[in-house]
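This report describes one protein model part by part. Please keep the sequence and the structure in view while reading.

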Amino acid sequence: MSYLARVDPEIAEILEKERLRQTNGLELIASENLVSRAVLETTGSIMTNKYAEGYPGKRYYGGCEFYDMAENLARDRLKQLFGAKHANVQPHSGTQANMAVYFSVMEMKDVLMSMSLSQGGHLSHGSPANFSGRLFTVKPYGVDPETEMLDYGQVGEIARKEKPKLIVCGASAYPRTIDFKAFAEIAESVGAYCMADIAHIAGMCATGVHPSPVNVVHFTTTTTHKTLRGPRGGAIMAEPDYAQAVDKAVFPGMQGGPLMHIIAAKAVCFKEALRPSFRDYNRQIVKNCRAVAATLMENGLRLVSGGTDNHLLLIDLTDLGITGIDAENALGRAGITVNKNTIPRETRSPFVTSGLRIGTPAVTSRGMKEEEMRFIGDRIARVLKDITNTARQAEVKAEVQAMASKFPIYPE
Ligand SMILES: *Cc1c(COP(=O)(O)O)cnc(C)c1O
């Protein structure tokens, strides 16, 4: 970092502050993770220097021979990881991956059916605040109000009534297993395309820890930076019949030059994800999440759907009489980073909410196991049960820092 410190001391100082924040605190945001040193090194490499519009072997610029090798490796490894027949690794983000699939099979105003944002879906699945909600006619489905789980009978009924062009499954805040086969069957029965967005659970789908939608639905989109532990970015896998349409929708349809340093880092990430230890890692994420869930429930907290099958859980704060924003801030003062989240039957605005979302990918990447998860669950409960007690928050912060220091983010 010596160059940066000399050229731009202000940014160098911000980077150092952020390094300390990541080191001393506990990152429990379900969509976040820590990349490996190899991925980190690649994202900061000279692969950022060049334009490579087009695809390997068909570029619009000269000098792309090594970029072609990197992108081919990324595509082949992604296909191998999921057993996919076609892969596009160019989307800049998960939202861009979704946009490309929409543009590959839908016209403006076509009916898009997806999980509503307030019940666990994602902005890019049709929120009115997002392009997807502005360009398409969105028909949402949600969870059963009693079980707080997906009700496939209800999804089927909505599909038969609304006749969607595309059904999207996948979520940002759903703690249970998703039955992709059920979605594919519903889509087939109404002549719709089916897209699975596995942004959150991609690592688990790749390793069999969660069922995979690849070769079950027409399109699978993902981010590469959540449970896959790669650089920030997106990717698409598609059935061969739609390969060309998807590639055209990404470039020239909605992006210019690909971020080739990120694509090279995606290749590194997929190689790491192909190792047997990546399955153990994803299994541990789920075990860890169950351990946090059990500790919270032992402390009397209510979890949406009564538990978790994956890497995240949702706490319903209603009985504690506190809001999501107040809980997020109190835990922040205790060195625990989480995010407020709407819950099924939400009564508050998305800026306030009645819930908290907690996820274990990042702490699992640091090597923490069930014992640390019980510590974390216990400290979360302590803070939430006495939310105005700032002395307790300071006390927990010191304990958190002492525990976290045993698990460096980049061990020597
Ligand atoms: C995180 C997420 C995305 C998109 O992420 P970007 O921030 O655009 O990379 C898309 N879909 C789901 C379900 C997500 O959780």
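Ile11, Ile14 and Leu15 make up a nonpolar patch on the surface, and together they have about 250 Å² of accessible area. Patches consist of residues with over 30% relative accessible area and no salt bridge, with like charges joined within 9 Å and nonpolar side chains (Val, Leu, Ile, Met, Phe, Trp, Tyr) within 5 Å. Accessible areas are from the Shrake-Rupley method with a 1.4 Å probe, and for residues only the protein chains shown count as cover. This is a predicted model, in which local features need pLDDT of at least 70 and side-chain atom pairs count only at pLDDT 80 or more, while totals for chains, interfaces and linings use all residues. Residues are numbered from 1 along each chain as its sequence is written, and side-chain values use heavy atoms, leaving out hydrogens and water.

Isoleucine 14 belongs to helix H2 (residues 9-24). Helices (H or I, at least four residues) and strands (E, at least two) are DSSP runs numbered from the N terminus. Glutamate 13 and lysine 17 form a salt bridge, with 3.1 Å between the closest N and O atoms. The two residues are separated by about one helical turn because they are 4 residues apart in helix H2. The structure holds 20 salt bridges, each being a side-chain nitrogen of Lys or Arg within 4 Å of a carboxyl oxygen of Asp or Glu.

## Two domains

The domain assignment, which is automatic or from a database, gives domain 1 (16-34 + 284-404) and domain 2 (50-273). Taken over C-alpha atoms, the centres of domain 1 and domain 2 are 28 Å apart. Their contact (heavy atoms within 4.5 Å) takes 27 residues from domain 1 and 21 residues from domain 2.

Two strands pair if DSSP finds at least two bridges between them. Axes are lines fitted to C-alpha atoms, for helices over the stretch in contact, and angles run from 0 to 180 degrees between N-to-C directions.

Strand S5 (residues 111-115) runs parallel to S6 and is joined to it by 5 bridges. Leucine 112 has valine 138 in S6 as its bridge partner. Lysine 109 is in the loop between helix H5 (94-105) and S5; its phi is near 75°, a positive value in a residue other than glycine.

Another open sheet has 4 strands in the order S11-S12-S15-S14, with antiparallel pairing. Its edge strands, strand S11 (302-303) and strand S14 (339-341), each pair on one side only. Helix H13 (residues 324-333) packs on this sheet, touching S14 and S15, and its direction makes about 45° with that of S15.
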